[in-house]
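Here's a quick briefing to read alongside the model.

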Amino acid sequence: MINLKVERLRLNNSYVTLAIFNSSEYRLTVTMGKELENERLSQIFGRPALDEIPSARMNLGYFDPGGREHLGTFVTDGLYYFDPDWGFLDLIYDLNNQLIIKHIADLQEVAYWQGNAHFAVGTSFSLIQDGEINLENSEYFDHAPYRNPRSAIGQDEDGNIVLCVVDGRSRDSAGVTAKEFAIMMKAFGCINAVNLDGGGSSEMIVGDKIYNRPSDGQERRIGSALITYGKVDVSKAPVIRQLFFNGIYVHLLQRWLTHLGYNVGEIDGVYGGMTKSKVKAFQSSRGLAEDGVVGPFTWGVLVKEVLV
């Protein structure tokens, strides 16, 4: 059984970031982040449960920078946002945690997947279907025959989910064609896989670390993302003391404080003045040192009150 394995590889004259996880141990979902706003991947946290924390995040769909956050179907957690578009092959993650690649035919089928899938989203084209290389729908994407940075999601025969980002457009990474990417994903054991948005959007974050090198030289603001949630382990939580410290554990802290009635305002993953004042109020009410430093003692009290 694979929990979460992350590797940085050198293949096809490019740097490749690979994350593999067991679909029964981690929750996979999709999100558009803040409504009607493109954001950097590091700013997108989705909607984790109180006992969850983002483990791996990756860019997802094509988007219109001045308009729609996701092109093609977007259905998640029973909610329907955007219609199917024949130009964007659909990826469905059903309630048995299996990836299905197909064109969703109409709104009647959309309604079916609302009740029978964790999510259904438009992607671009397939890389592998039923264990064979299959570039279905690639004729709609003129970049497919050329080497570019790329992102993909796939699944192996054991049900493990495979996330992959290939760097490109740089001195040390050429990128890959669609065919080369398909060969690569098959070598990783995938029996089904699809190509996602690429180019400067291609990015993977595990924990708070950006593992690849985005070709824009910095994070691009994107419309939608894939997020993998694992269970919270506060033994790995950092000591939070510096204003404007940010990341998944600040986001967790803000969620827990708000749950306990200490409203921090916007839950954005940034340790600002409002969050610090609520930490101090919480510490004072629990007989802890009122210093605004979130260390082992404060984390310990929080976890007992929220999770135990």
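Let's start with a contact: Glu266 and Lys34 pair through their side chains in a salt bridge, at 2.7 Å from N to O. Glu266 sits in the loop between helix H3 (248–259) and helix H4 (273–285), while Lys34 sits in the loop between strand E3 (27–31) and strand E4 (52–59), so this pair ties together parts that are 232 residues apart in sequence. Keep in mind that this is a predicted model.

**Salt bridges**

- In total, the structure holds 12 salt bridges.
- As background, side chains of opposite charge can pair when their charged atoms come close.
- Back to the opening pair: Glu266 is partly exposed, with a relative accessible area of 47%, and Lys34 is partly exposed too, at 35%.
- Another salt bridge joins the side chains of Asp51 and Lys231, at 2.9 Å from N to O.
- Asp51 is in the loop between E3 and E4 and Lys231 is in strand E17 (residues 225–231), so here the tied parts are 180 residues apart in sequence.
- Asp51 counts as partly exposed at 28% relative accessibility, whereas Lys231 is exposed, with a relative accessible area of 56%.

**A seven-stranded sheet**

- Seven strands make up an open sheet with antiparallel pairing, in the order E1-E2-E13-E12-E14-E10-E11.
- Strand E1 (4–11) and strand E11 (132–133) are at the edges with a single partner strand each, so one side of each has no neighbour in the sheet.
- At the E11 end, two bridges join strand E10 (residues 126–129) to E11, and these strands run antiparallel.
- Gln129 has Glu132, in E11, as its bridge partner.

**Largest pocket**

- The largest pocket holds about 1,000 Å³ of space.
- Its lining takes in 42 residues, and those nearest the centre are Thr31, Met32, Gly33, Lys34 and Glu39. Lys34 is also the salt-bridge partner of Glu266.
- The elements giving two or more residues to this lining are E3, strand E5 (74–76) and strand E6 (79–82).
- E3 gives the most, with four residues.
- By type, the lining of the largest pocket splits into 13 nonpolar, 14 polar and 15 charged residues.

**Second largest pocket**

- The second largest pocket has a volume of about 290 Å³.
- It is lined by 14 residues, and the closest to its centre are Ile53, Ser55, Lys231, Lys236 and Tyr249.
- E4, E17 and H3 each supply at least two lining residues, and E4 gives the most, with three.
- This lining divides into seven nonpolar, three polar and four charged residues.

Technical notes
Residues numbered from 1 in each chain as written. Predicted model: local features only at pLDDT ≥ 70, side-chain atom pairs only at ≥ 80, totals over all residues. Heavy atoms only, no water. Salt bridge = Lys/Arg side-chain N within 4 Å of Asp/Glu carboxyl O. Buried < 20%, exposed > 50% of the residue type's maximum accessible area, 1.4 Å probe, protein only. Pairing = 2+ DSSP bridges. 1 Å grid on protein atoms, 1.4 Å probe; cavity = no way out; pocket = protein on both sides within 12 Å on 5 of 7 lines; lining within 4 Å. Points joined across faces, edges and corners; volume = space filled by probe spheres on them. Nonpolar A, V, L, I, M, F, W, Y, C, P; charged D, E, K, R; others polar.
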